[in-house]
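Visitor: Please show me the model, and let us go through what its terms rest on.

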Amino acid sequence: MEPSTITVKKGKPEAIYDTFERKAGKDKLTTHYCPGCGHGRVHKLVAEALSDFGLTDKTIFISPVGCSVFAYYYMNTGNVQAPHGRAPAVGTGLCRVRPDSVVISYQGDGDLAAIGTAEIIHAANRGENMMVIFVNNAIYGMTGGQMAPTTMVGQKTQTTPRGRTVMNEGHPIRMAELISGLEAPVYVERCAVTDTKNIMKTRKAIRKAVQLQAEKKGFSFIEILSACPTGWKMTPKDSIKWIQDNLEPYFKLGTIKDVSAEREPMIKPVPTNDAEAIYSALGLQKGKTKASTDRAIGEKRIKIAGFGGQGALTAGVMLANAGMNDGLHVSWIPSYGPEMRGGTANCSVVISDRRIGSPVFESPNVLIAMNGPSLDAFEADVTAGGTIIVNSSIVERKVKRSDVKVICAPLTDLAADLGIKAAANSVAIGVYLGHEKVFERERIYDVLKTSLKKKEALALNIQAVDAGYAFAQGK
Amino acid sequence: MKKELIKGNEAVVKAAILAGCTHYFGYPITPASEIAQAAAHYLPLIGGTFVQAESEVAAINMVYGAASAGARVLTASSSPGMSLKQEGISYLAGAELPAVLVDVMRAGPGLGNIWPEQSDYNQMVKGGGHGDYKNIVLAPNCAQEMCDMTLEAFDLADKYRCTAVLLTDGSIGQTMEPVEFPDEFRPAPYKDWAVYGDAKTQKNLISSIYMSIDALQALNRRLQQKYAEIELKEQKWEDFMTDDAELVVVAYGITSRVAQNAIEELRAEGRKVGMLRPKTLFPFPKKRLAEIAQTAKVFLAAEMSAGQMIDDVKLAIECKRPVEFYGTCGGSIPTVEDIKNSIMAAYKKRIG
Ligand SMILES: Cc1ncc(C[n+]2csc(CCOP(=O)(O)OP(=O)(O)O)c2C)c(N)n1
Ligand code: SF4
């Protein structure tokens, strides 16, 4: 919403329900908060701002875990209750889905500054378009008055019965300063709901944050020092004085960061429902792939291995792709798990005339060894009667097995002869297809055509396949 | 659509987008990272959103927020990350929010290693967070099912307002296989219970807190009824040569692929063996297993864990037949020989 379209309404804040129907018990008119508690006051200030700007129906209010877990009893807005500390993450989800809404993450000091520290820091750092109301009462109210990260040194709580010590608990954490140290937040202010003057300042800060939200200017953070007479074991009046005497000197009031004037509205993307656009983005092609083949080729379990850069993995993908387009069953898996050994990059390809069982296999019936370590690693695994294709350009030793068919092909040299040494893998495919026609050579050309955009590279790779093919045929 | 040779992990993302998923929140972990990477690539192209969260805890809570706002939303991780998500999964159940999660299992416990295992069965199928809740758990065993079950998961999650999990493993996620994606794009449905941040849904509340015992009992009753209905209607499985089988292997995911090879080889030797492959782990295909137990003489639960699914097999057949076990831990996929040997050992022990 543009600032000019914000209308200011007067009267009762419509963002607070007239009666609190969600609240248990007979009394539907008073809140569940203790006398003198700051939460009720802060709710009202937020509600007023939302009502005045006419944003009530656009607002999603997140109730945290803490005494304000039941804020949804009161806020006449869309309501979401979040797990302890996670409100900023929940808010991230909400404002990413509904970028036009006003998202308010309302949190206590245990929720925000202890269990939810990671979530608040990162939501702030991403500059999520949400506002955070951080009610700092220096104690855990809901669970009966234990220490909070903001508890003052020397302050007695249920878990610091002799007072917080620096040695055991460290110093109270100043969240507003921490947040303002990040680049993304647009507005960070600390206020106090104590006397009239400070309440008016709090009111102003909240209104500003709401407005920045509506203007989509990003992340605002309002820390509010607030009384917990019950947790502090004080009267409401003494509590106000205690804030002034103890909290305010440590947690300095005022604007800590404000870069709202220089920030542009952030317009978040909106998902498209245009099916054509979606299919095109996903790179999916209309039509049908050949469903099956009537050729009986059995099951080829092909292991292709070499050192990184020789294109062993790509060769496997090309074979699998071509097989798929020819109506065969195929699978491809890169070196994975315990089979990764010998310092080689390898993949397992299955091409079959029937449904494939495991894509991972122990014993290939075809091994393409593009370097020495690959031969060393897998020679023994090849099934009797299988085939080993060896890159004789760089593998010096002979194949030891006598129960397999061996093809020694100078893959690297044949590719180098064409002036494209990197195409040794295409030569390997050619050799394999020349030896065993699981499908026509043209199926590989088709795959090359879709994967290689440069004409020259395409032509050379086709020549490389042909060179390998001719080599195998000539044998 | 024409078939595409694609990794199972990537197929999940394309399928999710075709199911109307617009948002992904996740934290990288091997061997699930391709899902996050594919989401980061494709979602912005359709105006959707990918956010790399600060942790799995944050990611699942972003899912909670996005689901609250009515979106179809996806997250994925692997075992250690799923452990972190359990808090959020329990809240999703309590608030009855639909979401789709993918667990590409790796070996544990602790940091374990990145190789495949199936030892998250208990944490995903039995619940792993607090409270009496269930996830619908689907068990794809190939890339095509990674696609199909993702589509199905979004529908089931919305239908029952619950979390639907694809429980898979590193090898299924990493394997490229042909996938035929659906011809039809289906945008996310409107959800009248969601909080869209507009006047129409202003009265809606998403919450899992019920202060009165009565109200929380009512929620739990409703959840249990829902799970009972899911058990009744959503059991899915595949029969593989079970008709005359004396020994029936029960296996899911990559283990079922290896078992297929083993069974084919043993059939060629004249052995009457078959496989019942659960495609849903919750609900477990109890009906079919009970039927099979009337004719089969012995079962073999095969899984890449120390024995988790086996309990469900025994319950399904009410221990009326012996259930032998094959298991492997530490990140090793069983070999065909391994499964054949344990089938034959069970066969000899129980059938002779
Ligand atoms: C995971 C988890 N751990 C602990 C709790 C218990 N708990 C509820 S509220 C709370 C602290 C609340 O303190 P604060 O955020 O300061 O809010 P206040 O009640 O003071 O407003 C704690 C520890 C919980 N609900 N969930
Ligand atoms: S315990 Fe403290 S924070 Fe909670 S309602 Fe009472 S006064 Fe407010």
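**Ligand shell, sheet and pocket**

Guide: Around ligand 2 stand Y33(A), C34(A), C37(A), H39(A), C67(A), N137(A), G141(A), C228(A), P229(A) and T230(A). The model is predicted, with pLDDT of at least 70 needed for local features and 80 or more for side-chain atom pairs, while totals for chains, interfaces and linings use all residues. Residues are numbered from 1 along each chain as written, chains are lettered from A and ligands numbered from 1 in written order, and side-chain values use heavy atoms without hydrogens and water.

Visitor: What makes a residue one of those around ligand 2?

Guide: One of its heavy atoms lies within 4 Å of the molecule. By class, this shell has six nonpolar, four polar and no charged residues.

Visitor: Why do β4 and β6 of chain A count as paired?

Guide: Pairing needs at least two DSSP bridges between two strands (E runs of at least two residues). Six bridges join β4 (131–136) to the parallel β6 (220–225) in chain A, so the two strands pair. M131(A) stands opposite S220(A) in β6(A).

Visitor: What is the strand order of the open sheet of eight strands?

Guide: The order is β7(A)-β5(A)-β6(A)-β4(A)-β3(A)-β1(A)-β2(A)-β9(B), with mixed pairing. β7 (254–258) of chain A and β9 (205–206) of chain B each have a single partner strand, so they stand at the edges.

Visitor: Which helix gives the largest share of the lining of the largest pocket?

Guide: α11(A), an H or I run of at least four residues by definition, gives six residues. By class, the lining has 14 nonpolar, eleven polar and six charged residues.

Terms used: Ala, Val, Leu, Ile, Met, Phe, Trp, Tyr, Cys and Pro count as nonpolar, Asp, Glu, Lys and Arg as charged, and the others, Gly among them, as polar.
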